[in-house]
Each structure stands twice: as structure tokens, then as C-alpha cells.
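Dear colleague,

Here is the structure I promised to pass on to you. Please look through it first, and then read the notes that follow below it.

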Amino acid sequence: MSAATIPQIDTDARDLALLYRDSGIAEVFAQLDRELVGLTPVKSRIREIAALLLVDKARRAAGLAASAPSLHMSFTGNPGTGKTTVAMRMADILHRLGYTRSNHVIAVTRDDLVGQYIGHTAPKTKEVLKKAMGGVLFIDEAYYLYRPENERDYGQESIEILLQVMENQRDDLVVILAGYKNRMETFFRSNPGMASRVAHHIDFPDYSEAELLEIARLIAAQMDYRFDEAGLVAMRDYIAHRLAQPHFANARSIRNALDRARLRQAQRLFANADKQSAPDKEALMTITAGDIRASRVFRGGLDGERKQESS
């Protein structure tokens with residue numbers, strides 16, 4: 001997003017360009033592009049929301065009517081698609097544009113909000129909200145707050161407290177609800193009060209094979225590793241095999257696979273320690289085809305993956 005593409009309003013366009021430059025949100029967009037491969041629809045929505053807030057800020061500066069926009073959001077998608085990372089970058093944008101006091105993100109699940117006995121839930125939920133005030137509260141797998149099959153469940157109490165705060169203190173707290181798309185849709189149908197308070201729904205697509213390979217290269221590079229030519233081919237084959245198996249968690253599964261490849265590389269180098277001189281820098285950095293193809297994925301296994309990974 002550049003100053004030239006910022007939406008025009010009834011004020012000097014240079015003022016809007018200045019607001020954009022001074023806010024520093026361009027740095028956040030650049031960081032988001034560095035951190036996450038692909039996700040073009042998600043990044044476009046983040047830029048749209050940022051443009052709305054920037055124009056709202058410019059309208060206020062110009063003395064025009066500008067009602068406070070609703071900022072609560074829903075992030076839906078499969079595990080490992082970048083929801084938590086985008087929540088952190090969204091918190092940066094909100095803070096830089098002056099919509100939150102801090103860029104901190106408090107990430108929680110049902111266990112952090114709901115108690116196990118009468119009188120336990122309200123204090124837990126209020127304590128979490130207290131910590132999150134001024135920033136962003138990220139509730140992962142938010143649908144677990146609602147369990148209608150259990151009449152003695154205390155999740156509804158937490159939802160009611162959240163609803164009050166989301167409405168009455170929306171100027172000081174942004175709530176992001178996250179989880180699988182179909183379960184979140186059911187959750188919103190069952191909780192219309194929550195649905196009415198969430199203005200922005202962003203769906204995170206799964207990564208393609210090419211994107212997953214690029215993610216593998218980026219993660220490896222961040223840790224000062226690299227694939228040799230055959231290793232890169234092996235990683236591509238690994239991804240194709242793994243995508244055909246259950247419980248795949250996108251970038252998270254790729255990171256796990258690299259951790260195991262690093263373990264095999266270390267075992268390979270250690271096994272030869274008494275047969276050759278100390279490995280040079282190149283050897284210490286290189287992941288080979290053998291380090292990848294030793295995975296149980298090539299034999300139909302799951303290579304140590306858990307049966308289910310959270311969002």
C-alpha cells in the first residue's frame with residue numbers, strides 16, 4: 001500500500017499521505033510480508049481495515065463526523081495459517097493509528113476464561129480482560145466457550161461478560177475470536193449477540209504446495225540452515241505426501257518437519273564425528289535429501305505429528 005493508493009477524502013490528500021507516513025503502518029505491512037508467505041486475501045483485508053482507520057483519523061482531524069468504528073474481529077481457518085501472527089500485526093496497526101493504548105496481545109483459550117465450579121468463571125474472565133485492556137484479546141478456538149450439550153457448563157457466563165465489555169469498553173479493547181471456519185459459524189449462529197459485535201470476518205486459506213515449500217525455505221533460513229538441491233526436491237516431495245495425510249497444520253507442520261530434519265542432520269554429523277574432521281560451516285548449515293527422506297511420512301506414517309493441532 002502506497003500513499004498514491006490511499007483513499008481520497010474531503011481534505012488535502014497530502015495530509016492523508018502524511019498521516020500514513022507518520023503512523024509507521026507501512027513498516028507493519030512490510031513485516032507482515034516478510035513473516036507470512038502468500039495469504040493475499042488476508043493481507044488485502046488488513047490493508048482495507050487500516051485504510052478505513054486512517055481515513056477515520058483524517059476525517060476527525062478535518063472536523064468531519066466520524067463515529068468510532070467497530071474493531072472486533074473473527075479470524076477463521078485451519079491450524080498454522082498465520083492467525084496469531086496477523087493478530088499481532090493488527091495490534092501494531094491499531095496502536096500506531098491511536099485506536100489502542102498498547103500493541104500487546106493477550107492470547108487465551110477456554111481454560112483461561114472458564115472456571116470449573118460456581119463462582120469461578122467471572123473472576124477468571126475479568127482477570128483476563130483486565131490484562132488485555134488497552135490492547136487486543138485473542139481467543140483461540142472461541143467456539144469451545146459455548147457447550148449447549150452441558151447444562152452445567154459455565155462458558156455462557158464468560159460469554160456474557162465478554163459481550164458486555166465488547167460493547168461498553170470497545171474503545172479500550174479489541175477482541176479477536178479465532179478457530180475453524182465451520183465451528184465459528186455455528187458459534188455465531190448460537191450467539192447472535194456475539195455475531196452482532198464482530199464487524200470484520202477474515203478467512204485464512206490453506207497454503208499451496210509451492211507456498212509451503214517457500215515457507216520451509218524461509219524457516220530454515222531464519223535458523224541459518226539451507227537445503228541442498230536434492231534436499232529441496234525431497235522437501236517438495238515430503239509436502240506432497242504430507243498434504244495427502246490427515247491432521248496437517250500448514251506452516252506449523254512444516255516447522256515441525258524441519259525440527260525433525262535438523263535432528264536427523266545432527267545425528268548424521270555426530271555419527272561421522274570419529275571418521276572425519278570437524279564439519280565445516282557449510283556442512284553445519286546444510287539439510288540433505290537423506291535428512292528429509294528418513295521421515296516416516298514416506299512410509300505412510302505421520303513423522304511424529306500429533307493427531308490434532310490447535311488453531
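**Notes on the model**

The axes of helix α2 (residues 25–35) and helix α4 (residues 83–96) come within 9 Å and cross at roughly 175 degrees, where axes are lines fitted to C-alpha atoms, for helices over the stretch in contact, and angles run from 0 to 180 degrees between N-to-C directions. That angle makes α2 roughly antiparallel to α4, a label that applies to angles over 145 degrees. On the α2 side the contact (heavy atoms within 4.5 Å) is made by I25, E27, V28, F29, Q31, L32 and E35, and on the α4 side by T85, V86, R89, D92, I93 and R96. Sorted by class, the contact of α2 with α4 has six nonpolar, two polar and five charged residues, with Ala, Val, Leu, Ile, Met, Phe, Trp, Tyr, Cys and Pro counted as nonpolar, Asp, Glu, Lys and Arg as charged, and the others, Gly among them, as polar.

Before going further, please note that this is a predicted model, in which local features need pLDDT of at least 70 and side-chain atom pairs count only at pLDDT 80 or more, whereas totals for chains, interfaces and linings use all residues. Residues are numbered from 1 along each chain as its sequence is written, and side-chain values use heavy atoms, with hydrogens and water left out.

As to the overall picture, the protein has 14 helices and seven strands, taken as DSSP runs numbered from the N terminus (helices H or I, at least four residues; strands E, at least two). Its C-alpha trace spans about 75 × 60 × 30 Å along the principal axes. Of its 311 residues, 45% count as buried, that is, under 20% relative accessible area with a 1.4 Å probe and protein chains only. Among the contacts with a separation of 6 or more, 76% are accounted for by residues 24 or more positions apart.

Leaving aside residues up to four places away in sequence, F227 touches A216, R217, A220, L232, M235, L258, I287 and I292.

In helix α7 (residues 155–168), the buried residues are G155, S158, I159, I161, L162, L163, V165 and M166, and they pack against α5 (110–113), α6 (121–132), β3 (136–140), β4 (174–179), α8 (181–190) and α9 (192–197).

L39, in the loop between α2 and α3, has a phi near 55 degrees, a positive value in a residue other than glycine, and counts as buried at 4% relative accessibility. N250, found in helix α12 (residues 250–271), has a positive phi of about 50 degrees although it is not a glycine, and is buried, with a relative accessible area of 2%.

The C-alpha atom of N250 is separated by 9.1 Å from that of G82, 168 residues apart along the chain. G82 is placed in the loop between β1 (73–77) and α4 and is buried, with a relative accessible area of 14%. Not counting residues up to four places away in sequence, G82 touches L36 and F204.

Notes. Angles under 35 degrees count as roughly parallel, over 145 as roughly antiparallel, 65 to 115 as roughly perpendicular and the rest as oblique. Buried means under 20% relative accessible area, exposed over 50%, partly exposed in between (1.4 Å probe, protein chains only).
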